[in-house]
Amino acid sequence: GPGTPQWRSAIHYTPQRNWMNDPNGLVYHQGLYHLFYQFNPNANMWGDMSWGHATSRDLIHWMEQPVAMRVNPAEEIFSGSIVVDAHNTSGLGDARSAPLVALYTSAYKAGSGHEPGTQAQSLAYSTDDGRTWRQYARNPVLTLNPESKHFRDPKVSWYAPGGHWLMTTVVADAHVVKMYRSHNLIDWEFLSDFTLPGIPHQGALWEMPDLFPLPLDGDSRKQKWVMIVSVNPWSIAGGSGVMYFVGHFDGRTFTPDHVAPAGSDPAAYQWLDHGADYYAASTFANAPDGQAITIGWMSNWDYAAQIPTSPWRGAMALPRLLALKTIDGMPRLTSAPVAQYRSFVRGHAATHVNALTVSSATRELAPATRGIVQNIDVTISPHSAQRAGLIVRGSADGETGTRIFYDTANRTLTLDRSRSGHTEFSNKFSKQHIVNIPLENGKLHLTVVVDRNSVEVFTGSGTAITDLIFPTPDDDRVSVFADNGEATFIDMTITRLADPHG
Ligand code: FRU
């Protein structure tokens, strides 16, 4: 059939066809951003896992490339990472160019010589700048003893103070991040385990770890280390989500500054995103100026397989820049769309509204603001209103739309997709995602990124809420509303974003 073009993202990456999950091997190399990803070359459902590939110069416009690493008779190619081996420490390069080296998880099949279902870390390399990949002859390079069915997701980076490579990986069902070091990307030495005392979330898996340094409040003398771990299920919004810890890394052991008491619920932990659809996020290797640029998979294992899109299933969230900022006396990991997205938005015509006050009413904005792919910047001053916010992808009759609103009594921001379009394909498609946000001088700044299949909300203080939506293509109206009182919407800029895929 014709599939579901009404839900094909315009400014978020989707493969032309078939299933996609985690971003893999994010690397910036010679002016190109490479996005590899978990991909099924044979069907629009999870299976036959391979690495798909796309490239971009600006993190917004992506070109799909041939499948980089294919499932083979012995193994599926699960998640992993890539580094630029600039000094050819692996010896796998040739005189011409530095090799790109991938560490990925081999998920073994029957007949592979390994017990079916066991997982180990393997190496592949490219000497043509990421176009083609060869598997290392003596794989795997790292195995657990005894072999494990949950040893996966190697993320490698260069640890400058020690002059060696650092790998984080997980034993997913044991809620453990295992760290290793290497001088050549081939021989790995165990460093330490990171786990939580009194594991609070029995049954959840820990996946896709990443450990990286960031300056606190932009001050490089106040560097902290950040550990991110994808947790499934048990996330703050239900199902899959990305947790983070801020702390200290001495080259061997990661020590978090704060740990929630054993037995705490998800709200006691820190989350990179408070929506339902942000998972398996990872940082780019070799990013310009050491920036922490991330891409996350915009879905949730609770219902990923039921998502009603075809002939593809899976999209990536907008690339984000992470920073560490002191908020309420605590270092927080903040998210904002990358600078390239900002320039992309500025390149389009916008509609500007200086100030609009609404009193116990919903007000649809002028026709010029209508759009199905758009960026909205607004500062909300909720004054006396009980709730104040926006409706995007709204229908003519006002019945359908995705609501983003501030609740003044509870001091919370909510993304409500209960009437956003199709929701019935899974009873695990959660409806409302709520996060505590204090106002700053009585105001809240929001950037709302709307696409054919998603809404991402970024607050001025760096909190993100990401949710998939499945509206009909006619629902393109923007409204503002204030319940039981008055609110003002200041400096509202609504930018209709042309489809970069043409
Ligand atoms: C995370 C994950 C990884 C694994 C991959 C398999 O979403 O489960 O742990 O490597 O997906 O596709």
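The structure is a predicted model, in which local features require pLDDT of at least 70 and side-chain atom pairs count only at pLDDT 80 or more, whereas totals for chains, interfaces and linings use all residues. Residues are numbered from 1 along each chain as its sequence is written, and side-chain values use heavy atoms, with hydrogens and water left out.

Most residues other than glycine have a negative phi, and most peptide bonds are trans. A cis peptide bond is found from N139 to P140, with omega near -5°. P140 lies in the loop between β8 (134-135) and β9 (151-159); strands are DSSP runs of E with at least two residues, numbered from the N terminus. The peptide bond that joins S310 and P311 is likewise cis, omega being about 5°. The loop that holds P311 runs between β19 (292-297) and β20 (312-313).

In S360, a residue other than glycine, phi is near 40°. S360 belongs to strand β23, which comprises residues 350-364. The relative accessible area of S360 is 48%, and the residue is partly exposed, a class that lies between buried (under 20% relative accessible area) and exposed (over 50%), computed with a 1.4 Å probe on protein chains only.

D491, which is not a glycine either, has a positive phi of about 50°. This residue is located in strand β32, spanning residues 477-496. With a relative accessibility of 43%, D491 is partly exposed.

Note on methods: Helix = DSSP H or I, 4+ residues; strand = E, 2+ residues; numbered from the N terminus.
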